[in-house]
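Subject: Handover of a structure

Dear colleague,

Please find the structure for your review below. I would be grateful if you would look through it before reading my notes.

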Amino acid sequence: MRNLWLFLIRYNAIFWFILFFVTSIILVVRHNNFQRSSFISSSNVVIGSYYQQVNSWKSYLSLHETNEELAAENGALRQQIQNLLQVDTTADTIRIIDSIEQGRYAFIVANVANNSVHKKNNYLTLDKGSADGIEKGMGVITSNGVVGVILQTSAHFSSVQSLLHPDTRVSVVLDSTGVIGSLVWGNSIDHRYGVVRDIPNHVQVEKDEKVYTSGFSLFPAGIQVGKIMETGVSSGESFLDLKIELSTNFSNLHHVYVVKDLLIREKEELEADSQDNG
Amino acid sequence: MGSILIINIVRFIIVILLQVALFKNMGYYNIATIYPYIFFIFLLPIGLPNLVLFLVSFLTGLAVDAFYDSAGVHASACVGLALFRIFFHKITLEVDLKESFNTPSLGLMGTKWFLSYVFFGTFVHHFFLFLIEAFTFSNFMYTLASSILSSIFTTCVILLMSLLVYKRKSRIGNI
């Protein structure tokens, strides 16, 4: 007992240090949100990783079938949505006599075979090709956003010029005002953000406003592209640059839909004719 | 004895006021920030009992924390500094000096001793501080770099402050 006491006295600095240090660390963890959350998350890492491991083994048993089913179902649903949208938007003005517009877009389900987000020019590879009806120039979307444009096809694969590419431009429309701009990647650094160009200076833009595709380019109208993050980015011209948060999660793409525009030939021919005349 | 207490209380108030009113707004981006309030802990009397030293450091840290809205961060760093101070004194000081109640100032202890005392102490404090602020060992190099740069910065400011109140009364010879 006496030795213990001597030991405590001899190293009292260390013991006081431990006491006070633990007290202050407890203060830190209890009263600061950031440190508390990182403390909790690091203790959850141990338990969470165990459950995650178990779950990942379990889910592997039926993973393939589930994926196939879901992707096929999504494709069918998307086609239905597109049909419904077209009926709705025209219903109160004109009765549809010709239903040709309803079948304008078909969706081909494809898996992403290769993907990049960290380069300056990003491309994806899909596991479907010309044998499945994919052609050069078709648009590619995912369940919640725009992915890119088909660049080249082989029999069983096709390469996609991602939206994260300086040459990709997508025509978009702002939700509240209906002003049309074009979406580019812009910053060439972060795959979560893009820039909407060519919005005239006088347009009032709200933060968190949604941005949709306009339907003028390869993509059907009304697909959500993202929401506006910053409105004040001025390019010094008479146009606004809007920074938007892309709704597509490019770092985690698995299933995509290739948009097949069945009337694209007709549209292109007509537009080529009018340009010749003009 | 009473005068030492009063001097230290006045010093505490001045140092904390300077820290939260002036030095809080200074810094080189996020890389180097300065915390010269720890000068107060450096200058506490040498023979102070360990418990009192820890208690005073802890309270100093808490006082600064109150202004920085970071309960406990500065307190834990100051407790770390107090431990360093005890070890440094144990290693470098002679017995009679260790038991006296002198203030370990620049004039009393000489430049060499004082400089290493302040620099290493500042580094220990800043290292604890940035590590607890970041609360992770990832980005460790960034933490280390910013604590080294900040300690250089803080050491310069503390040296300037101690030169301002420099009074030569060397007891252990001119080193």
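This is a predicted model: local features need pLDDT of at least 70, side-chain atom pairs count only at pLDDT 80 or more; totals for chains, interfaces and linings use all residues.

Chain A contains 5 helices and 12 strands. Of its 278 residues, 34% are buried. Chain A exposes about 17,000 Å², and carbon and sulfur atoms supply 56% of that area. When contacts in chain A with a separation of 6 or more are considered, 58% are accounted for by residues 24 or more positions apart.

Chain B has 8 helices and 2 strands. Along the sequence, these elements of chain B are arranged as α-β-β-α-α-α-α-α-α-α. In chain B, 47% of the 175 residues count as buried. For chain B, residues at least 24 apart make up 74% of the contacts between residues at least 6 apart in sequence.

**Salt bridges**

Side chains of opposite charge can pair when their charged atoms come close. Over all chains, the structure holds 5 salt bridges; I describe some of them here.

One of these salt bridges joins the side chains of A:Arg169 and A:Asp198, at 3.4 Å from N to O. A:Arg169 lies in the loop between β5 (158-162) and β6 (170-174) of chain A, while A:Asp198 belongs to strand β8 (residues 193-200), so this pair ties together parts that are 29 residues apart in sequence. A:Asp198 is partly exposed, because its relative accessible area is 34%.

Another salt bridge links A:Glu230 with A:Lys243, at 3.9 Å from N to O. A:Glu230 sits in strand β10 (residues 224-234) of chain A and A:Lys243 in strand β11 (residues 239-246) of chain A, so parts that are 13 residues apart in sequence are tied together by the pair. Both residues are partly exposed: A:Glu230 has a relative accessible area of 39%, and A:Lys243 has a relative accessibility of 24%.

A:Asp190 and A:Arg192 also form a salt bridge, in which the closest N and O atoms are 3.1 Å apart. A:Arg192 counts as partly exposed, given its relative accessible area of 44%.

**Surface patches**

A negative surface patch is made up of A:Glu266, A:Glu268, A:Glu269, A:Glu271, A:Asp273 and A:Asp276. Of particular note here is A:Glu271, which is found in helix α5 (residues 264-277) of chain A. With a relative accessibility of 43%, A:Glu271 is partly exposed.

There is also a nonpolar surface patch of about 1,100 Å². Its members include A:Met1, A:Leu4, A:Trp5, A:Phe7, A:Ile18 and A:Ile26. Two elements of chain A, α1 (2-10) and α2 (12-31), each give two or more residues to the nonpolar patch. The largest share, 5 residues, comes from α1(A). A:Ile18, by contrast, is found in helix α2 of chain A. A:Ile18 counts as partly exposed, because its relative accessible area is 42% and the partly exposed class runs between under 20% for buried and over 50% for exposed.

With kind regards

Methods: Residues are numbered from 1 along each chain as its sequence is written. Chains are lettered from A and ligands numbered from 1 in the order in which they are written. Side-chain values use heavy atoms; hydrogens and water are left out. Patches are made of residues with over 30% relative accessible area and no salt bridge: like charges are joined within 9 Å, nonpolar side chains (Val, Leu, Ile, Met, Phe, Trp, Tyr) within 5 Å. Accessible areas come from the Shrake-Rupley method with a 1.4 Å probe; for residues, only the protein chains shown count as cover. A salt bridge is a side-chain nitrogen of Lys or Arg within 4 Å of a carboxyl oxygen of Asp or Glu. Lys and Arg count as positive and Asp and Glu as negative; His and the chain ends are not counted. The place of a charge is taken as NZ of Lys, CZ of Arg, CG of Asp or CD of Glu. Helices (H or I, at least four residues) and strands (E, at least two) are DSSP runs, numbered from the N terminus. Buried means under 20% relative accessible area, exposed over 50%, partly exposed in between (1.4 Å probe, protein chains only). Contact means heavy atoms within 4.5 Å.
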